[in-house]
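Let's go through this one by asking questions and working out the answers. The structure comes up next, and then we dig in.

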Amino acid sequence: MAIFSVYVVNKAGGLIYQLDHYAPRADAEKTFSFPLEFVLRPHDERVVVAFGQRDGVRGAAGSRREWAAGRGRAAAHGALPAVGHAVLAINGAEVNGRLTADGKDVLEFLSNPANYPVSIRFGRHRLSSNEKLMLASMFHSLFAIGSQLSPELGSSGIEMLETDTFKLHCFQTLTGIKFVVLADPRQTGIDSLLRKIYEIYSDFALKNPFYSLEMPIRCELFDQNLKLALEAAEKAGPFGPGS
Amino acid sequence: SRELFVLTYGALVAQLCKDYEKDEDVNTCLDRMGYGIGVRLIEDFLARSAVKKCRSYSETADTIAQVAFKMYLGVTPSVSCSSAAGNEFSLILDKNPLVDFVEELPAERASLCYCNLLCGVIRGALEMVHLAAEVTFLQDKLKGDAVTEIGIVFLKNTEDKKHKRN
């Protein structure tokens with residue numbers, strides 16, 4: 001999916017709408033026997049792989065161990081337990097932060113040889129809604145700093161943030177609402193998509209008499225139309241002109 | 001569908017007159033309702049018209065008259081600046097679609113501002129783009145004046161000292 005997510009931030013920096021549009025990333029579920037070859041450690045509310053990546057997908061992190069270094073074998077699936085991946089499920093049951101589904105601590109569970117062989121699913125963790133709120137307000141502040149740093153008056157603020165895996169596009173309206181779209185770097189037509197999202201917002205969120213301004217948007221019609229617009233933009237895609 | 005809108009507006013004003021005895025109350029109510037419409041309508045206006053940020057009060061007044069009024073009511077009032085300071089403007093409407101079916105105000109409602117909703121709309125919309133303004137009816141054809149004139153007075157910008165968001 002070329003468009004990953006959409007965020008709408010109100011004037012005060014609060015997140016009023018968020019949509020994740022990507023297909024679930026390939027998670028790896030494998031069976032392991034004691035002892036585990038990688039190092040797990042707690043990070044925030046999760047258990048993540050700190051070291052010991054297997055199968056040389058990205059060899060640098062695991063190169064301290066001889067057997068991991070230089071393994072040129074191409075990985076069968078994209079996401080093996082790589083550094084940074086979090087433990088998502090143990091034996092099929094999703095973990096709840098740092099506790100297993102039964103309420104036991106994940107690290108304790110995994111350090112007990114009696115529990116092996118165990119099947120663990122790793123993957124990139126999804127952001128929780130609190131984290132998204134925080135990130136949105138942080139972005140809002142960065143945006144304000146960006147406008148102030150401008151050598152000329154009347155800067156548009158941050159319009160695009162580019163990384164190797166995604167591009168973040170931001171459009172701030174004259175009233176202070178920001179529409180943020182995270183998309184594939186090759187995706188085109190995001191500018192017109194941002195304008196379209198603004199129109200959809202003014203149609204389905206604002207014209208809804210029961211929607212209060214600056215509050216989280218909970219309008220079905222807005223959701224539906226937004227998804228349609230995203231799909232249309234993706235179809236137009238990197239191969240054709242933006243819609 | 002413009003007719004339906006005009007009729008609905010007329011029914012709204014008539015009902016308000018029944019609900020409130022004093023003209024000022026009706027006027028205030030209309031203004032408040034207009035304000036609620038204005039704060040939402042501004043986004044619709046900005047989304048559809050794609051106007052750039054106005055750099056001066058006169059640009060703003062021009063945009064309101066030539067783009068916004070045209071888009072929503074189908075009329076284009078003329079703009080005149082009525083103060084040396086450059087922050088007071090008048091929009092002169094010779095044709096006001098809202099009063100198409102109204103002959104004249106009833107005798108007991110002599111100080112009713114029939115189109116006060118419009119004032120509220122303009123005020124609400126301007127506030128959302130950080131321009132505080134006072135909008136009133138200076139002349140009203142329904143009250144016997146020659147033309148309908150809406151006065152916009154831009155008040156001191158509250159975000160002058162802080163950085164401009166936009």
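Q: Which residue forms a salt bridge with A:Lys132?
A: A salt bridge here is a side-chain nitrogen of Lys or Arg within 4 Å of a carboxyl oxygen of Asp or Glu. For A:Lys132 the closest N and O atoms are 2.9 Å apart, and the partner is A:Asp20.

Before going on, a word on the ground rules: this is a predicted model, where local features need pLDDT of at least 70 and side-chain atom pairs count only at pLDDT 80 or more, while totals for chains, interfaces and linings use all residues. Residues are numbered from 1 along each chain as its sequence is written, chains are lettered from A and ligands numbered from 1 in the order in which they are written, and side-chain values use heavy atoms, leaving out hydrogens and water.

Q: How many residues apart in sequence are the parts that A:Lys132 and A:Asp20 tie together?
A: A:Lys132 sits in helix α3 of chain A, while A:Asp20 belongs to strand β2 (residues 15-20) of chain A. Helices (H or I, at least four residues) and strands (E, at least two) are DSSP runs numbered from the N terminus. So the pair links parts whose separation in sequence is 112 residues.

Q: Is A:Lys132 buried or exposed?
A: Buried means under 20% relative accessible area, exposed over 50%, and partly exposed in between (1.4 Å probe, protein chains only). A:Lys132 has 10% relative accessibility, so it counts as buried.

Q: In the salt bridge between A:Asp184 and A:Arg186, how far apart are the closest N and O atoms?
A: A:Asp184 is buried at 14%, whereas A:Arg186 is exposed at 60%. Between A:Asp184 and A:Arg186, the closest N and O atoms are apart by 2.9 Å.

Q: Which residue of chain B pairs with A:Asp203 in a salt bridge?
A: Side chains of opposite charge can pair when their charged atoms come close. This pair crosses between chains, from helix α4 of chain A to helix α2 of chain B. With N to O at 2.5 Å, A:Asp203 meets B:Arg48.

Q: Which residues are joined into one network by salt bridges that share partners?
A: A:Asp203 is partly exposed at 24%, and B:Arg48 is partly exposed at 36%. The network takes in both chains, and its members are A:Glu199, A:Asp203, A:Lys207, B:Asp44 and B:Arg48.

Q: How many salt bridges does the rule find across the interface of chain A and chain B?
A: The search of the whole structure gives 10 salt bridges over all chains. Across the interface of chain A and chain B, the count is 3.

Q: How many residues does chain B bring to the contact?
A: Contact means heavy atoms within 4.5 Å. Chain A supplies 25 residues, and chain B supplies 17.

Q: Where is B:Ala50 found?
A: Most residues other than glycine have a negative phi. B:Ala50 has a positive phi of about 50 degrees although it is not a glycine, and at 51% relative accessibility it counts as exposed. B:Ala50 is found in chain B, in the loop between α2 (23-49) and α3 (57-73).
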